[in-house]
Amino acid sequence: LEAPEIVIDSGEVRIKASDDGINAADGTSDMAVGFGQMTNTTSQNSLTINGGEIYVDAEGDGLDANGSIYINGGNVIIEGPTSGADGALDYDGELKIAGGTLLAIGSRQMAQGISQTSTQYGMLVNLPVSYDVGAKIKILDDGETIMEWTGGKKFDSLVFSSAGLTKGKT
């Protein structure tokens, strides 16, 4: 699913992609050549998720924006790449979360977490070992389960954000 500006307000979206899953891009490269070297440029492309049930299984980047990603609601689960050349989340600007739930698993080599501008707490955990298909993920807040998922792919990185996370708790 690719366009310069993508907005998902509700519904069920299920994507299985041999490359990027959802990609906010305008068809041009986000790399600019200046004085003989490559430099990243941030474009105005954006992906906004306001609600819905979104599941992406991608061999390339799971959610990709040559710009920024905004999550304001919904349940978003990304099973990203197992190779190090891509990430479950890939953005040039920011990944700002103000609501909803995000679970993104994939390779730790290109892993990106949520931006500090987010108003909801989140975490990026790069694991010391890889977990195989079928590994169970259970996220607790002071002993209360706030998310459970069984991984459908091998992973060694996990990004999670939810209103159920509270600062200062274990």
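The model shown here is predicted, and its description can begin with an open sheet of four strands, arranged in the order β1-β4-β9-β12 with parallel pairing. Because β1 (2-3) and β12 (89-91) each have a single partner strand, they stand at the edges of the sheet, and one side of each is left without a neighbour in it. Strands of a sheet pair, in general, through backbone hydrogen bonds, and they may do so in a parallel or an antiparallel fashion. Between β4 (residues 22-24) and β9 (residues 63-65), which run parallel, there are three bridges, and Asn23 has Asp64 in β9 as its bridge partner.

In soluble globular proteins, nonpolar side chains tend to be buried together. The largest nonpolar core of this model has 26 residues, and Ile22, Leu63 and Leu102 are those with the most contacts inside it. Once its neighbours within four places in sequence are left aside, Leu63 is in contact with Ile22, Leu47, Ile49, Ile69, Val76, Ile78, Ala88, Leu89 and Asp90. Apart from this core there is a second, separate one of 13 residues, which includes Tyr55, Ile105, Ile137 and Phe160.

Ser46 lies in strand β7, which spans residues 45-49, and Ser46 counts as buried because its relative accessibility is 13%, where the cut-off is under 20%. What surrounds Ser46, once its neighbours within four places in sequence are left aside, is a set of contacts with Pro4, Glu5, Ile6, Ala24, Ser68 and Tyr70. Ser46 and Ala65, although 19 residues apart in sequence, have their C-alpha atoms 6.0 Å apart in space.

How many cavities of 30 Å³ or more does the count come to? The count comes to one cavity, and the volume of the largest cavity is about 50 Å³. Its lining is made up of Ala88, Leu89, Ala104, Ile105, Gly106, Ser107, Ala111, Gln112, Ser157, Leu158 and Val159. The elements that give two or more residues to this lining are β14 (101-106) and β18 (155-161). By class, seven of the lining residues are nonpolar and four are polar, while no charged residues are found there.

Terms used:
Residues are numbered from 1 along each chain as its sequence is written. This is a predicted model: local features need pLDDT of at least 70, side-chain atom pairs count only at pLDDT 80 or more; totals for chains, interfaces and linings use all residues. Side-chain values use heavy atoms; hydrogens and water are left out. Two strands pair if DSSP finds at least two bridges between them. A nonpolar core is a set of buried Ala, Val, Leu, Ile, Met, Phe, Trp, Tyr and Cys residues joined through side-chain atoms within 4.5 Å. Buried means under 20% relative accessible area, exposed over 50%, partly exposed in between (1.4 Å probe, protein chains only). Contact means heavy atoms within 4.5 Å. On a 1 Å grid over the protein atoms alone, a cavity is a set of points where a 1.4 Å probe fits but cannot get out, and a pocket is an open set with protein on both sides within 12 Å along at least five of seven lines; lining residues have an atom within 4 Å of a point. Grid points are joined across faces, edges and corners, and a volume is the space filled by probe spheres set on the points. Ala, Val, Leu, Ile, Met, Phe, Trp, Tyr, Cys and Pro count as nonpolar, Asp, Glu, Lys and Arg as charged, and the others, Gly among them, as polar.
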